[in-house]
Amino acid sequence: MERTLTVVVLLALFALCVWGMYRAWTGRAKKQAASIGELPLVPADCGAQLLEPTTGMYLGSTLAPSWIQRITVGDLGFRATAEMTRFERGILLERDGAGTVWIPQESITAVRTERGHAGKVMTEGGVLVIRWKLPTGTEVDTGFRGDDKTVYPAWTGTQTTQTTKTGDEA
């Protein structure tokens with residue numbers, strides 16, 4: 001009898017914790033709804049493709065400059081495998097099991113690498129972060145962890161050409 005009562009109490013406590021987390025998530029979404037507003041729609045013509053598609057993991061979007069204050073409106077807060085492509089008119093982020101995110105070129109304020117984003121901490125420069133302004137004027141950071149980190153310099157615009165010295169130049 002005592003064991004049954006303990007199990008029931010623990011299950012009730014667990015259910016209360018899950019309910020509390022759900023309430024906090026939906027409460028945050030209600031508070032953020034006005035500042036997030038409607039996301040930009042993917043245009044019919046994205047322009048010429050500037051970078052090859054990069055596969056990886058969409059880590060979520062956060063309110064800038066906080067790397068941990070995840071946006072909970074819609075499905076922007078959920079992680080998903082994704083493919084990111086750079087076009088003349090913006091960045092297309094196609095996520096599996098979630099909506100497509102279009103980041104217009106004129107909204108992008110910075111593309112950089114970071115160590116962490118949206119509660120995910122990795123090695124130095126392990127996350128590609130795009131800072132952009134929503135139509136409401138709210139600045140957000142969108143995090144993406146690419147499968148191939150060697151493409152990050154092309155995304156951030158920090159590609160350098162390496163020159164090697166030959167024996168004659170030394």
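User: What should I know before we start?
Analyst: This is a predicted model in which local features need pLDDT of at least 70 and side-chain atom pairs count only at pLDDT 80 or more, while totals for chains, interfaces and linings use all residues. Residues are numbered from 1 along each chain as its sequence is written, and side-chain values use heavy atoms, with hydrogens and water left out.

User: How many residues does the largest nonpolar core have?
Analyst: The largest nonpolar core has 23 residues, and M84 and I130 have the most contacts inside it. A nonpolar core is a set of buried Ala, Val, Leu, Ile, Met, Phe, Trp, Tyr and Cys residues joined through side-chain atoms within 4.5 Å. Buried means under 20% relative accessible area, exposed over 50%, and partly exposed in between (1.4 Å probe, protein chains only).

User: And which elements supply at least two residues of this core?
Analyst: Among them are β2 (80-87), β8 (127-133) and α2 (152-156). Helices (H or I, at least four residues) and strands (E, at least two) are DSSP runs, numbered from the N terminus.

User: What is I130 in contact with?
Analyst: Leaving aside neighbours within four places in sequence, the contacts of I130 include M84, I91, V140 and D141. Contact means heavy atoms within 4.5 Å.

User: Switching topic: how many salt bridges are there?
Analyst: A search of the whole structure finds four. A salt bridge is a side-chain nitrogen of Lys or Arg within 4 Å of a carboxyl oxygen of Asp or Glu.

User: Which residue forms one with D75?
Analyst: D75 pairs with R95, and their closest N and O atoms are 2.9 Å apart. This pair links distant parts of the chain, since D75 is in the loop between β1 and β2 and R95 is in strand β3, 20 residues apart.

User: Is R95 buried or exposed?
Analyst: R95 counts as buried because its relative accessibility is 6%, whereas D75, at 25%, counts as partly exposed.

User: What about D141 and R131?
Analyst: Their side chains meet in a salt bridge (2.8 Å, N to O). Salt bridges that share partners join R112, E114, R131 and D141 into one network.

User: Last one: how many disulfides are there?
Analyst: The count comes to zero, where a disulfide is a pair of cysteine sulfur atoms within 2.5 Å. As for cysteines, C46 is buried, with a relative accessible area of 12%, and C17 is partly exposed at 44%.
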